[in-house]
Amino acid sequence: MKPPVDHGNDDMDRLFAVLEEWQPQLQTDPGFAAALRRRITQLSAPRPVGRIWRWQTWTLAGATAAAALAMVVYWSQPKPVETPVVTVAVVQDLQMWNRNADLIENLDFLQPPAAHRSVEEQN
Amino acid sequence: MPAPRNSDPQSGLRLERDSVGTDAVVLPAVHAVEMAALDTQTGTPDADTALMLRFQAGEEACFDALVERYRRPLQGFVYRMLRDQGASEELLQEAFLRVYLHRDRYRPHAAFRTWMYRIAYRLALNHVRDHRKERAHDSLDEPESAVGALLADRRLNPEQQLLVAADAALRRQRIRAAIAALPERQRTAVLLHRYQGLDYEEIGAILRLSPSATKSLLFRAYESLRRELKDLL
């Protein structure tokens, strides 16, 4: 069984003789073949469809159907017509006018402030 | 698709070159049936291949025959790879289980022995990588019958027997440690060559190396071992 030594080196021959000293005597399990057969039978047998598997399948199918229905409903609904908000400058001006009516009414750019006015009057 | 290069009309064998450029003997389906009718009691690699083909064809008994034939040699190989008897038994079961479950994948362009050892090698390699930390230290409690034989030697008194047995155990531990210290591929090549009796082509097929690369690998491995075990030679 061993391949022939093909290098003719004495050292190698001695090395091979030393290596031969490692011969573990392994116990052979008498139940090895039976255990192997058992595992083969287990793996070869068709797996029964369990309750959990069925429950998971139905849950998944239900969730998928519900999601699909929700998508259909969502996409089939008419979208509301969006009315763009037009902010015209005139409207903004009117709003500002209303908010600051008193201030604008009393504002007079040509009238100098009270302090300046009194100094000018003294001069 | 490999191109036919050479064929033998008598045997029906074809020599083809596969995708990686190696020549392979291809058995046509008709030839496989013929081979199955051959006597498979000789225990040669060809006979094992024939057994495997018969198993592929549906003969369950051929699988049992292969298990019976390969169990011991594979156990020795796997044990030397793992150095753990319990793990080697489990791994051996796994290897045969894979042969059974993946029998359709076997192609007779490779000898069954090579295929079988390749499966065991891959499984052992995975196991070694997964349990690297657990194998940090080597143990002395290896099952050896040599100790028992020495103790049964009536020419030696009990004290001498114990000394000789202890010396033998230490030598074996040195050998184991030297082989274990080799790089993974060199170690596997030595185990397959020295202890399993596989030739360069077979080892190369298992390690996915060319025969010349396998020779080079083995030469380097033996050189390392010769240096490491110099005082034992």
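# Chat about a two-chain predicted model

Q: Start me off with B:L182. Leaving aside its neighbours within four places in sequence, what is it in contact with?
A: Apart from neighbours within four places in sequence, B:L182 is in contact with B:R187, B:V190, B:A221 and B:S224. Bear in mind that this is a predicted model.

Q: Where is B:L182 placed?
A: B:L182 lies in the loop between α7 (158-180) and α8 of chain B.

Q: And how far is its C-alpha atom from that of B:A221?
A: The two C-alpha atoms are separated by 7.0 Å, while B:L182 and B:A221 are 39 residues apart along the chain.

Q: Why does B:L182 count as partly exposed?
A: B:L182 has 19 C-beta neighbours inside 10 Å, and a residue needs 20 or more to be buried.

Q: OK, zoom out. What is chain B built from?
A: Chain B has 10 helices and 3 strands. Reading from the N terminus, the order of its elements is β-β-β-α-α-α-α-α-α-α-α-α-α.

Q: How much of chain B is buried?
A: Of its 233 residues, 30% count as buried.

Q: What about contacts between residues 24 or more positions apart?
A: Such pairs account for 48% of the contacts in chain B with a separation of 6 or more.

Q: And chain A, what's in there?
A: Chain A has 6 helices and 0 strands. Buried residues make up 3% of its 123 residues.

Q: How many residues does each chain put into the contact between A and B?
A: Chain A gives 26 residues and chain B gives 32 residues. On the side of chain A that touches chain B, the elements giving two or more residues are α1 (10-19) and α2 (32-44) of chain A. The residues on that side are 16 nonpolar, 4 polar and 6 charged.

Q: Back to B. Which residues touch the most other members of the largest nonpolar core?
A: They are B:L66, B:L74, B:F77, B:V78, B:M116 and B:A120, in a core of 50 residues. Helix α3 (residues 60-82) of chain B gives the most to this core, with 10 residues.

Q: Take B:L74 from that list. What is it in contact with, leaving aside neighbours within four places in sequence?
A: B:L74 is in contact with B:L92, B:A95, B:M116 and B:A120.

Q: At what angle do α4(B) and α5(B) cross?
A: The axes of helix α4 (residues 85-101) of chain B and α5(B) cross at roughly 135 degrees and come within 9 Å. The two helices are therefore oblique to each other. Their crossing is right-handed.

Q: Which residues make that contact?
A: From α4(B) come B:A87, B:L91, B:E94, B:A95, B:R98 and B:V99, and from α5(B) come B:M116, B:I119, B:A120, B:L123, B:A124 and B:H127. By class, the contact of α4(B) with α5(B) has 9 nonpolar, 1 polar and 2 charged residues.

Q: Now α9(B). Is that helix mostly covered or mostly uncovered?
A: Helix α9 (residues 200-207) of chain B is mostly covered, with 7 of its 8 residues buried. Those buried are B:Y200, B:E202, B:I203, B:G204, B:A205, B:I206 and B:L207.

Q: What covers them?
A: The cover includes α5 (112-130), α8 (184-195) and α10 (211-228) of chain B.

Q: How do α5(B) and α9(B) pack?
A: They pack at an angle of about 45 degrees, with their axes 9 Å apart. The pair is therefore oblique, and α5(B) passes α9(B) in a right-handed crossing. The contact uses B:R113, B:T114, B:Y117, B:R118 and B:Y121 of α5(B), together with B:E202, B:A205 and B:I206 of α9(B). The contact of α5(B) with α9(B) divides into 4 nonpolar, 1 polar and 3 charged residues.

Q: What comes just after α9(B)?
A: Just after α9(B), B:R208 takes a positive phi of about 60 degrees. B:R208 is in the loop between α9 and α10 of chain B. With 10 C-beta neighbours inside 10 Å, B:R208 counts as exposed.

Q: What about phi at B:R83?
A: B:R83 is not a glycine, but it has a positive phi of about 55 degrees. Most residues other than glycine have a negative phi. B:R83 is found in the loop between α3 and α4 of chain B, and with 18 C-beta neighbours inside 10 Å B:R83 counts as partly exposed.

Technical notes: Residues are numbered from 1 along each chain as its sequence is written. Chains are lettered from A and ligands numbered from 1 in the order in which they are written. This is a predicted model: local features need pLDDT of at least 70, side-chain atom pairs count only at pLDDT 80 or more; totals for chains, interfaces and linings use all residues. Two residues are in contact if their C-beta atoms, placed from the backbone, lie within 7 Å. Helices (H or I, at least four residues) and strands (E, at least two) are DSSP runs, numbered from the N terminus. Ala, Val, Leu, Ile, Met, Phe, Trp, Tyr, Cys and Pro count as nonpolar, Asp, Glu, Lys and Arg as charged, and the others, Gly among them, as polar. A nonpolar core is a set of buried Ala, Val, Leu, Ile, Met, Phe, Trp, Tyr and Cys residues joined through C-beta atoms within 7 Å. A residue is buried if 20 or more other C-beta atoms lie within 10 Å of its own, exposed if 12 or fewer, and partly exposed in between; C-beta atoms are placed from the backbone. Axes are lines fitted to C-alpha atoms, for helices over the stretch in contact, and angles run from 0 to 180 degrees between N-to-C directions. Angles under 35 degrees count as roughly parallel, over 145 as roughly antiparallel, 65 to 115 as roughly perpendicular and the rest as oblique. A crossing is left-handed if the near helix is turned anticlockwise from the far one by less than a right angle, and right-handed if clockwise.
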